[in-house]
Amino acid sequence: MCRADEHPEPREAGAGASTDAAFTALLEDSAEELYESAPCGYLSTLMDGTIAKINATLLDWLGLERETVVGRKRFADLLTVGGRLYHETHFAPLLQMQGEISGIALEMKTCGSDRLPVLVSSAVKHSSDGEPLLIRTTVFDASDRRAYEQELLHRKQDADEARRQAEEAREQAEADRSRLQEALAVLQQSLLPASLPAVPGVETAVYYHTASPDRLGGDFYDLFPLDGKRWAFFLGDVCGKGPQAAAVTSLTRYTLRTAALHDPDPVAALTTLNSVLHDRYTGGDPRYCTAIFGVLEPDPANDCVTVRLASGGHPPALVARSDGTAALLPTPGGFLVGALAHAHFASTTTELHPGDTLLLYTDGLTEARTGPDRTSLYGDDALLAFVTDHAGAPPEEMIQALAGLLRGLGDGVDDDTALLALGSPAHTSAHSPATSHLR
Amino acid sequence: MSPLKIAARDAATGPVLHILGDLDYTTAHQLRAHLTALTLRRGQRLVLDLARLDFCDSSGITVLIAAHNQATAAHATLVLAAVPDNTLRILRIVGLDQLFPLYADTTAATST
Amino acid sequence: MMLAGGRMNPMDVRRRNNVVVTGRADGPVVVLAHGFGCDQNMWRLVVPALADHYRVVLFDYVGSGRSDLSAWSEERYAALTGYAQDVVDLLEELDLRRVAFVGHSVSAMIGLLAARAVPERIGSLVMVAPSPCYIDDDTYRGGFSAEDIDELLASLESNYLGWSAEMAPVIMGNPERPELGEELTNSFCATDPDIARVFARTTFLSDSRDDLKTVTVPTLVLECAHDAIAPREVGAFVHAEIAGSTLVTLPATGHCPQLSAPQATSAAILLFLEHTQ
C-alpha cells in the first residue's frame with residue numbers, strides 16, 4: 001500500500017511509456033487490417049448479390065477460401081436453404097425497399113455440415129446520383145444469443161403445447177359432461193310419464209323440480225287406468241341419488257303398475273312393492289322408498305270422486321276444500337317401503353266434491369331451506385297454510401302457485417320435488433270465491 | 001352445514017357411537033364405514049347417541065336401517081338415544097319410531 | 001373446389017384486404033397480388049409505370065400487411081383456395097370484369113384458382129416468378145426438399161422474437177394509426193408468426209401442377225434469370241403446361257424482379273397487356 005508513495009515517479013513514467021506504445025500500435029493498425037480481422041464478418045456484394053469483397057474473419061468462420069467465393073458466389077449461397085428462402089422472401093425485398101435492414105437472424109453454412117447462427121445487417125451504397133452501387137453487409141456470430149433464443153422458443157412452444165393440451169382436456173371434459181347430462185336427462189324422463197291420461201270428471205296437474213342435473217332424482221309419480229271406472233295414482237321418493245336410485249325408481253314404478261292391475265287395493269300394492277324391494281336389496285345396502293298409492297273412483301251421478309289411498313313412510317297428503325279450508329290426510333304408522341321384510345301400511349279414504357283438490361308432494365318442498373342453514377326449513381305447517389290460502393283453486397292453478405313458491409325458495413330447494421294435484425272440477429256456472437281471491 | 005363427527009366408546013351393554021353434526025348424502029358413508037368395521041356379539045346393544053345430530057336426511061335413514069339389519073343379523077339390537085325433535089319427526093313419518101327402541105339418553109340406553 | 005361469392009359487404013372487403021385503387025380511373029383494370037413474405041408494397045416500383053394507362057388495384061391478403069387480422073382463420077388460410085376466395089371477394093365486391101391479374105410467386109397459382117372460379121372476371125394472367133410446386137419429386141425439379149421447408153419455418157421462428165418485441169405493439173395496437181406515410185423498418189414483411197407459419201406451409205407445400213392445364217386465358221410467365229426459389233426449369237415447366245402462354249426471362253437476380261428489375265418487369269407486363277387488350 002505504501003510502496004506507491006515510495007517510488008511514485010518511475011512507475012508513472014513507465015506506465016506513460018507503455019500507454020503511448022499501445023496507442024502507437026493502435027494507430028498503426030491499418031484500416032485494411034481492421035477490416036480483415038475485425039471481430040465480425042464483413043462482405044460487400046454487387047446489387048445482384050455477387051460477392052465482391054469478404055473479410056478474413058468471415059472466411060475463417062465459414063472455412064472458405066477467398067478465391068472460391070469472390071466473384072463466384074452470391075451472398076444467398078452462403079446461407080442454409082431455409083435461410084436462403086427467408087432471404088428471398090423477406091430480407092432481399094426489405095433491403096431493396098428500405099435501402100437497409102438490420103438484425104435479421106439467419107444461418108450460414110460452414111465448411112463441415114455445421115451451421116453458424118448469425119445476425120445480419122445490410123445497407124445499400126448509392127452513387128452520387130442516387131444509383132444503387134453495392135450492398136455492404138455485417139455479420140455477427142449469434143451462436144450464444146441463438147442458443148438462448150432457442151431455449152426461450154422451446155419454452156414458449158412447451159408452454160403453448162401445455163396450454164393447448166389443457167384446453168383440449170377441458171373441452172373433452174365439457175363434452176363428456178354434456179353427453180352425460182343428456183343421458184341423465186333422457187333417463188330421468190323415462191322414470192316419469194310423458195303426460196297424464198285424461199280422467200273423466202277429474203282434473204289433474206303435475207310439476208317436477210330437478211334440483212341438480214348431475215344427480216338423478218329419485219322422485220316419481222304416475223296415473224293410469226285400472227278398468228273402465230277406476231284409476232290408480234302414486235307418488236313417492238326413492239332414498240338416495242344417482243343411477244342406483246334411478247334403478248330403484250324404475251323397479252318401483254313398474255312393480256306398482258303391475259301390482260295395481262293384479263290387486264288394486266292400495267295396501268296390497270304397497271305390500272307387493274315392499275317384498276320386491278326388500279328381496280332385491282337386502283343386507284348392508286338397503287334400498288327403499290316412501291310412497292303414497294291411491295285409487296280414484298269418479299261417481300258422476302253423485303258429483304264426487306272417491307279416493308282410497310295408502311302411505312308407506314310418506315309425508316301425508318293434503319286436501320284443499322272448496323270452502324277455503326285445507327287439512328292433512330293422515331296415514332299414521334305407515335312404514336318405509338322395502339326397508340323391512342314385514343311392513344305395515346296405513347290406508348284412508350276421502351271424497352272429493354266439486355272444487356276440492358288432493359295434493360301429493362315429496363319432501364323436497366317441506367325440507368327446503370328458508371335460511372342459511374338447515375335449522376330453518378319450509379316445513380309442514382307452512383305448506384298447510386299455503387294450501388289453505390289456495391283452497392278452492394283447481395289443480396292447475398294450485399300447482400302453478402306451488403311452482404312459484406319453489407322458484408321463490410331458490411337454492412334452498414336442494415332435493416328434487418314432485419307435486420301431483422287431483423281435483424273434482426268446480427261447477428263452471430258458479431264462480432268460486434276461493435278461486436277469485438288468488439287474483 | 002356441519003361436518004359429521006363420530007365418537008365411539010364401549011359400554012357394558014356394547015358399543016356406543018355419538019353422532020355429531022349432519023348425517024346426509026355427503027356424510028352418510030362415514031357412519032356406514034364406521035359401522036361396517038364394528039363387530040357386534042350376540043345379545044349386545046348398539047347405541048347410537050343422536051343428542052348432537054343436527055340434521056338427518058333419507059341417506060342418514062338408510063344407514064340407520066343398514067345398522068338395524070347388521071345388528072339383527074348378529075342377534076344384537078340397535079337402539080337410538082336422545083333423538084332430536086326434527087329427526088324424530090322424520091322417524092315418525094317413515095314408521096321407524098316403531099322399529100327402533102328409543103331412549104331419552106345414553107345413560108338410559110346402556111343401563112342393564 | 002368451390003369458391004363462394006357475394007356474401008361480404010364492400011366496405012368490409014376494402015378494409016379487410018386493405019384495398020388500394022390508383023391509376024387511370026377509366027383505364028382497364030390490373031390487379032397486383034403480392035406473394036408470401038411481404039405485402040402490396042412489393043409493387044411500389046412498378047405501379048407508376050402502369051398507372052398512366054391502367055386502373056391499378058392493390059390489396060393485402062388477410063394475414064399480411066395491413067389486412068384485418070381478426071378476419072384470419074387457420075381453417076380458411078391453410079389452403080390456397082382460402083387466398084383465392086380473398087381475390088374472388090375483391091373482384092365481386094368491386095364488380096371488376098376481365099381484369100389482368102398479376103400474381104407474384106404463390107399468387108400466380110392463387111390467380112389461376114380465382115380465374116377458374118370466376119372466369120368472367122379475370123381476362124388474363126401474369127405470373128411473376130411462379131412455381132406450381134416447390135418440392136422435388138421423381139421427375140419434377142421444384143428446387144427444394146420437404147426438410148428445406150422445415151428450415152424455412154425455423155427461420156421464421158427465429159426472427160419471430162424480434163418481431164414480437166418490436167413490431168407487435170405497433171401493428172396490433174394502432175391499426176388505424178394516422179402517420180401512415182411513415183413506414184416502420186421491416187414492417188412490410190412483419191406478420192404474426194402463427195399466420196406466417198400457416199402461409200409458409202400453404203405456399204411451399206402446395207402442388208398446383210395439375211391445375212396449370214386448366215388455364216384458358218392469355219398468360220404471361222415472367223421468370224428471373226437467377227431465382228433461388230423458382231429456378232429456370234420451373235419457369236419452363238409452367239410455360240409448357242399452359243397452352244399458348246408467353247415466357248419472358250427477365251435479366252434479374254432473386255425472386256422479386258418487381259423490386260430488383262422494376263423497369264424490365266413493368267415493360268414486359270405493359271407489352272403483354274397491350275397485346276391482350
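A residue counts as buried if 20 or more other C-beta atoms lie within 10 Å of its own, as exposed if 12 or fewer do, and as partly exposed in between, with the C-beta atoms placed from the backbone. By that rule, buried residues make up 46% of the 112 residues in chain B.

Before I go on, some housekeeping. What you see is a predicted model, in which local features need pLDDT of at least 70, side-chain atom pairs count only at pLDDT 80 or more, and totals for chains, interfaces and linings use all residues. Residues are numbered from 1 along each chain as its sequence is written, and chains are lettered from A and ligands numbered from 1 in the order in which they are written.

Now for chain B. It has four helices and five strands; these are DSSP runs numbered from the N terminus, with helices being H or I of at least four residues and strands being E of at least two. Along the sequence the pattern reads β-β-α-β-α-β-α-β-α. The five strands of chain B make an open sheet, ordered β1-β2-β3-β4-β5, with mixed pairing. Two strands pair if DSSP finds at least two bridges between them. At the edges are β1 (5-11) and β5 (102-103) of chain B, each with a single partner strand, so one side of each has no neighbour in the sheet. Further in, strand β2 (residues 14-23) of chain B pairs with β3(B) in the parallel sense, over seven bridges. Within that pairing, B:H18 stands opposite B:D49.

One more number for chain B needs the term contact: two residues are in contact if their C-beta atoms, placed from the backbone, lie within 7 Å. Of the contacts in chain B with a separation of 6 or more, 73% are between residues 24 or more positions apart.

Where does chain B touch chain A? That contact takes 19 residues from chain B and 17 residues from chain A. On the chain B side, β3 (45-56) and α2 (58-73) each supply at least two residues, and α2(B) gives the most, with eight. By class, this side of chain B has ten nonpolar, eight polar and one charged residues. Here Ala, Val, Leu, Ile, Met, Phe, Trp, Tyr, Cys and Pro count as nonpolar, Asp, Glu, Lys and Arg as charged, and the others, Gly among them, as polar.

Chain A also meets chain C, with 28 residues of chain A in contact with 29 residues of chain C. The largest share of the chain A side, 15 residues, comes from α6(A). That side of chain A has 14 nonpolar, nine polar and five charged residues.

Next, chain C, starting with strand β2 (residues 29-33). Five of its five residues are buried, so this strand is largely enclosed by the rest of the structure. C:V29, C:V31 and C:A33 point one way, while C:V30 and C:L32 point the other way. β2(C) runs parallel to strand β3 (residues 55-59) of chain C over five bridges, and parallel to strand β4 (residues 99-104) of chain C over four bridges. C:L32 takes part on both sides: C:L58 stands opposite it in β3(C), and C:V102 is its bridge partner in β4(C).

What about helix α4 (residues 80-93) of chain C? Twelve of its 14 residues are buried, so α4(C) too is largely enclosed by the rest of the structure. The expected span of a helix is 1.5 Å times one less than its number of residues. For α4(C) that should be 20 Å, and the end C-alpha atoms are 20 Å apart, which agrees. After the helix comes C:D95, with a positive phi near 50 degrees.

Which residues have the most contacts inside the largest nonpolar core? They are C:V30, C:F101, C:V102, C:I110 and C:V126, in a core of 109 residues. A nonpolar core is a set of buried Ala, Val, Leu, Ile, Met, Phe, Trp, Tyr and Cys residues joined through C-beta atoms within 7 Å. Helix α5 (residues 106-117) of chain C gives the most to this core, with eight residues. Leaving aside neighbours within four places in sequence, the contacts of C:I110 include C:A33, C:L80 and C:V87.

Last, confidence. pLDDT is the predictor's confidence in each residue, from 0 to 100. Chain A has a mean pLDDT of 85, and 91% of its residues reach 70 or more. Residues 1-13 of chain A are below 50, and that stretch has one contact in the model beyond near neighbours in sequence.
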